[in-house]
There are 2 protein chains.
Amino acid sequence: MAEAVKSSRVEAAYERLKDEIRTNRMPPGFQAPEPEIAIRLGMSRTPVREALIRLEAEGLVELIPRRGVRVLPIRAEDMREIYQILTSLEPDAAARYAETNPGEAELAPLEQATAEMEAALESEDLDTWAEADDRFHQILLDLQGNRRLKDFVRALYDQAHRARVVTMRMRGPPHRSTQEHREILNYLRAGDGDSVRRLFKQHRTRSAEELLAILEKYKLGQL
Amino acid sequence: MAEAVKSSRVEAAYERLKDEIRTNRMPPGFQAPEPEIAIRLGMSRTPVREALIRLEAEGLVELIPRRGVRVLPIRAEDMREIYQILTSLEPDAAARYAETNPGEAELAPLEQATAEMEAALESEDLDTWAEADDRFHQILLDLQGNRRLKDFVRALYDQAHRARVVTMRMRGPPHRSTQEHREILNYLRAGDGDSVRRLFKQHRTRSAEELLAILEKYKLGQL
DNA sequence: AAATAAATTAATGCATACATTGACGAATGC
DNA sequence: GCATTCGTCAATGTATGCATTAATTTATTT
């Protein structure tokens with residue numbers, strides 16, 4: 001699952017920075033010059049720079065000419081963009097995959113993730129729930145064969161991650177979402193592409209609406 | 001239209017290399033070590049390296065550990081991936097745009113591009129036709145407001161470009177395609193999102209099939 | 001002659017050096 | 001006191017240097 005560890009400093013810098021951004025240790029809006037980051041990571045500017053270029057390409061940071069890196073905040077508008085794309089891509093991808101009539105062995109990890117979501121929902125363990133939810137989508141991305149789609153959608157997940165973490169606790173327990181996962185899985189088993197697409201589309205549309213409503217309601221201009 | 005000219009060497013290297021790849025002056029499979037590229041572009045390795053990292057992120061080249069850059073060939077499988085994504089994204093994006101009920105002024109460039117396609121088809125000027133076709137899609141991308149979608153789809157266009165150029169002359173005149181553009185434009189005018197989506201989906205599905213059939217027929221394993 | 005080992009070459013990954021230039025603050029003028 | 005100019009400082013963009021190490025060639029052995 002984990003990418004091959006290419007023990008290079010660029011790789012190390014990339015992973016560490018990405019992690020610090022995801023976990024809000026480098027919060028949105030955070031800004032620092034390259035040399036500072038380099039010192040913090042204990043390496044020279046060169047590998048840091050290359051890592052930053054990659055992170056910029058993935059939409060996590062911005063390199064401002066004289067002010068260094070800035071961790072990009074996520075605004076409601078960004079979430080709208082991201083969810084529009086997910087709503088277009090994921091349902092079709094999942095439908096295509098369904099039509100390959102995947103066997104039970106292949107679907108096992110999805111079943112596992114779904115079961116975990118159900119259990120976590122029961123025990124009101126939101127962190128575990130979110131982790132399993134994320135895993136479900138990641139697994140599906142891996143199963144569906146389109147590499148470009150996978151990489152791009154994954155980058156979008158990464159961008160949206162922080163906002164999801166914040167808003168997760170601002171709404172009721174995700175019964176509906178959990179149930180939708182279960183239904184999607186059932187239709188994947190049945191090889192019913194059209195139903196998978198329809199449900200997945202609904203799943204994404206609904207979560208987008210919920211999320212945007214929360215951002216609106218709590219005036220969370222940017223995260 | 002043209003990106004702001006950020007007179008930096010990285011930018012220059014990026015643009016030149018991208019252009020050389022698009023125009024097949026650096027053909028698929030072409031391979032060269034960094035220092036060689038640097039010398040050819042008359043600059044040091046550093047900016048070249050940064051440009052290459054960006055090009056790699058966009059899927060145009062691959063950086064192989066001890067052998068330098070390699071211009072990625074496009075295989076049938078790649079075209080399939082690319083068209084799957086386009087078929088999911090563009091129709092929805094166009095439909096959303098249609099539902100904003102765009103005015104005639106906004107649609108003018110699209111009308112222009114469509115008219116040019118029709119004229120070029122008439123005079124059997126394939127190059128002009130292809131240019132107008134590309135322009136139509138680019139304009140629509142710009143009009144539709146999703147920036148992430150725009151950048152990503154544009155990168156896909158770039159990847160597919162070479163294959164499109166090659167296959168274009170291996171088939172009959174693109175009557176159907178031209179007509180579809182006209183119809184899509186009509187429904188954009190009418191603000192009829194559903195029809196735009198349906199037609200656009202058909203448009204992409206059909207061109208994908210045609211293209212893949214040609215690749216198959218002429219055994220064009222990679223371009 | 002084939003296989004193995006040693007030596008050479010060269011590319012990368014990273015560190016470092018340096019010129020340029022924007023940002024910021026101090027000093028000056030009004 | 002406020003605006004303006006100048007000077008300092010520091011960050012970036014780029015070049016260069018260097019150690020490491022894979023690839024390749026040459027030499028050696030059987």
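Predicted model: local features only at pLDDT ≥ 70, side-chain atom pairs only at ≥ 80, totals over all residues.
Two strands are taken to pair if DSSP finds at least two bridges between them. Strand β2 of chain B, residues 61-64, pairs with β3(B) in the antiparallel sense, and 4 bridges link the two. These strands, β2(B) and β3(B), make up a hairpin in which 3 residues lie between them. Within this pairing, B:Val61 has B:Val71 of β3(B) as its bridge partner.

Strand β3(B), spanning residues 68-71, also takes part in a second pairing: 2 bridges connect it to strand β1 of chain B (residues 31-32), again with antiparallel strands. Here B:Gln31 is found opposite B:Arg70 of β3(B).

Turning to the interface, chain A and chain B each bring 23 residues to the contact. Together the two chains bury about 2,100 Å², and 49% of this area is on carbon and sulfur atoms. Polar contacts across the interface of chain A and chain B involve 18 residue pairs, with both residues at pLDDT 80 or more.

On the side of chain A that touches chain B, two or more residues come from each of the elements α3 (45-57), α4 (76-98) and α7 (147-168) of chain A. Of these, α4(A) provides the largest share, with 9 residues. Sorted by class, this side of chain A holds 10 charged, 8 nonpolar and 5 polar residues.

Charged side chains also meet across the interface, where 8 salt bridges are counted between chain A and chain B. One of them joins the side chains of A:Glu81 and B:Arg148, at 3.1 Å from N to O.

How values were computed
Residues numbered from 1 in each chain as written. Chains lettered and ligands numbered in written order. Heavy atoms only, no water. Contact = heavy atoms within 4.5 Å. Buried area = accessible area lost by both parts, 1.4 Å probe. Salt bridge = Lys/Arg side-chain N within 4 Å of Asp/Glu carboxyl O. Polar contact = N/O pair within 3.5 Å; in protein donor to acceptor, adjacent residues only side chain to side chain. Nonpolar A, V, L, I, M, F, W, Y, C, P; charged D, E, K, R; others polar.
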